[in-house]
Amino acid sequence: NAAAAEWIATRLAALGLEPAGESGTYFQSLPIELPARDGGDSWIEWDAPHASIEPKFGAPDLRVPSRATGARSLLPLFCSENSDATRDGKLGAPLVFAGYGLVCPEKQWDDFAGLDVRDCVVLVARGVPSIAETAAPQPAAPAAGHGDVGRGAGDESWGASASILFKCISAKQRGARAVLVAQPPKQGGEPLLAFDPGQGGRAGIPCLMVSAAVAEDLAPGYTARLRAIERAGAPVRDPLAGTARNVRVRAHVVREDGTTRNVLGLARGTGSAAAGHGGTVVVGAHFDHLGTGGHGALDPTAIGQVHNGADDNASGTAVALEIARLLRERKPARDVLIALWSGEEEGLLGSQHWVRAPTLPLADVRANVNLDMVGRAGNGKLQVLGVGTSAPFAAWMGEAGRAAGLEIAASLSGQGLGGSDHQSFLAQQIPALHLFSGTHSDYHRPSDDTERVEAAGMAKVTAFALDLVARMHAAPQLAYSAPPATEPATPGAARGGGGFAVWFGSVPDYAYDGGGVRINGTSSGSPAERAGFLPGDVLLRIGEIAIGGMDDFVYALRTYRPGNVVRVVYRRGEREEETRVTLSTRAIQ
């Protein structure tokens, strides 16, 4: 990423653009969370059953370190915090067995029902039970980047409830201090899941994966307990009566902060901004991708392989630089900021940072053209989202499209697939258009590479984008309009295990890390808008679910159903307030 930023800055300088970053440079630095890694010193200790006075921790046969030689029998999970399990300020807590840790209302299955796991360490088995299906399987729920690496065949009908992250958050929401996810006995001879920062997601408590052998030591009869669940075809309540142990857990996960950089260059216009409204158009594209897999990668077998992201989003970066080159030859009427964003794949971090700490006056920004995945327009077709964000946009699409040789599929909504950097501008009520040539099977996979980029189509997109910039400069007025909500935003819509699409409608602030989920705004017509939420509000609780971060928010949307009325606790300024929200759903168009 650093090398790419340097190359882009050198190119902007060669094209004659003025530095538009910080301190007279082309760069704007912003903080970013680096990928987590296994610190190598995780461990579990436990005492003998019925340790009535002082638990006998530390005996050689009662401790499992993650640094053991040979096959490792304990590893931290990708969603684990770097912490110990404590109870009443002391290390050590009772162990509770919760079956497979599944909560799936569509199957009338709840492994936590009737169990008190408060202040306990919870042991669950990975995967789902092998039982005969009594009903037709439901469609699988997309895991929004938080799925269980290595979910087995046949898990699909359990939806998100089968994911490791969902199991860990289910335990945490019920008061657990730590979670141990054990291999099922049939996988006892296989290696444990490697620590995979590419999965993303944080459960908020220590979470470890342990071998089937360690699970048997911790809970004698572990294998028999799972077989009892499968014979019953239903959860079996088993609080480990008679074999209860106290355990100490340490998950050593290294989470560090770093910096990344936006790259910004200004093409000066020949005229000045009209009085009363700004004249600068921001032409933006993100230049970051997934590295060697990482969070968001869609081929779990390709972790470690280079993901070049030729379409996502070298294509948008190339078109932005070509626009910069052409603007040197044909001076724009007003200023154009060429903005290459970093941190988009981590949640629009670069563009969100810029609109909050702009290197040019934000009041002078008239509109944004976002180029994200424009490398597959060789068929002459292009999607444009956000057409409803300013009144003149709709009338431009046909004429500008024909002039560029493109058939335009216009969407009034500004949401789109997964979100992109134009949404940072919409949150500031600045009109924005997202140019997008469509999804494909190479998305977020190593196969998204240069040989599949369609240069002739990108040339048409360049001509179309330049036409839009000229029209944006020439328009007498370009007032912002709230777009209708026609497509679900991620994670504003989530799907439960049975396929229910729950819509809350907040626009999250991915850069916020202060606890809870801070919102930048709400989608038009959404439950969040009707409830009166404002930019800057911090969601703290939805129904019975405490919101410590984005993963708890997604968990809540997977737990409730459309039509549920939930109490939402939030912080506005210094005050904690609450309201009732009726969750909804909307059609996916």
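This is a predicted model: local features need pLDDT of at least 70, side-chain atom pairs count only at pLDDT 80 or more; totals for chains, interfaces and linings use all residues.
The bridge partner of Val-124 in β14 is Val-181.

Strand β13 comprises residues 121–125, and five of its five residues are buried, so the strand is largely enclosed by the rest of the structure. In a regular strand the side chains alternate between the two faces of the sheet. In β13 both faces are covered: Val-121, Leu-123 and Ala-125 are buried on one side, and Val-122 and Val-124 are buried on the other.

Helix α5 spans residues 310–329. At 1.5 Å a residue, its 20 residues should span 28 Å, and the end C-alpha atoms are 27 Å apart, which agrees with that expectation. Of the 20 residues of α5, 14 are buried, so this helix, too, is largely enclosed by the rest of the structure.

The structure holds 10 aromatic pairs. One of them joins Phe-166 and Tyr-555, whose ring centres are 4.7 Å apart; the planes meet at 45 degrees, so the pair is classed as tilted. Phe-166 belongs to helix α2 (residues 164–173) and Tyr-555 to helix α11 (residues 550–559), so the contact ties together parts that lie 389 residues apart in sequence. Phe-166 and Tyr-555 are both buried.

A further pair is formed by Trp-341 and Trp-354, with ring centres 6.1 Å apart and planes at 55 degrees, so this pair is tilted as well. Trp-341 lies in strand β20 (residues 336–341) and Trp-354 in helix α6 (residues 349–356), so the pair ties together parts that are 13 residues apart in sequence. Both Trp-341 and Trp-354 are buried. Elsewhere, ring pairs link Phe-504, Phe-533, Phe-553 and Tyr-570 into a cluster.

Aromatic rings also take part in contacts with charged side chains. The charged end of Lys-107 sits over the ring of Trp-158, at 4.9 Å from the ring centre. Arg-261 lies over the face of Phe-27, 3.9 Å from the centre of that ring.

Key. Residues are numbered from 1 along each chain as its sequence is written. Side-chain values use heavy atoms; hydrogens and water are left out. Buried means under 20% relative accessible area, exposed over 50%, partly exposed in between (1.4 Å probe, protein chains only). Helices (H or I, at least four residues) and strands (E, at least two) are DSSP runs, numbered from the N terminus. Two strands pair if DSSP finds at least two bridges between them. The expected span of a helix is 1.5 Å times one less than its number of residues. Rings of Phe, Tyr and Trp (its six-membered ring) pair if their centres lie within 6.5 Å; planes under 30 degrees apart count as stacked, over 60 as edge-to-face and the rest as tilted. A charge sits over a ring if NZ of Lys or CZ of Arg is within 6 Å of the ring centre and within 35 degrees of the ring normal.
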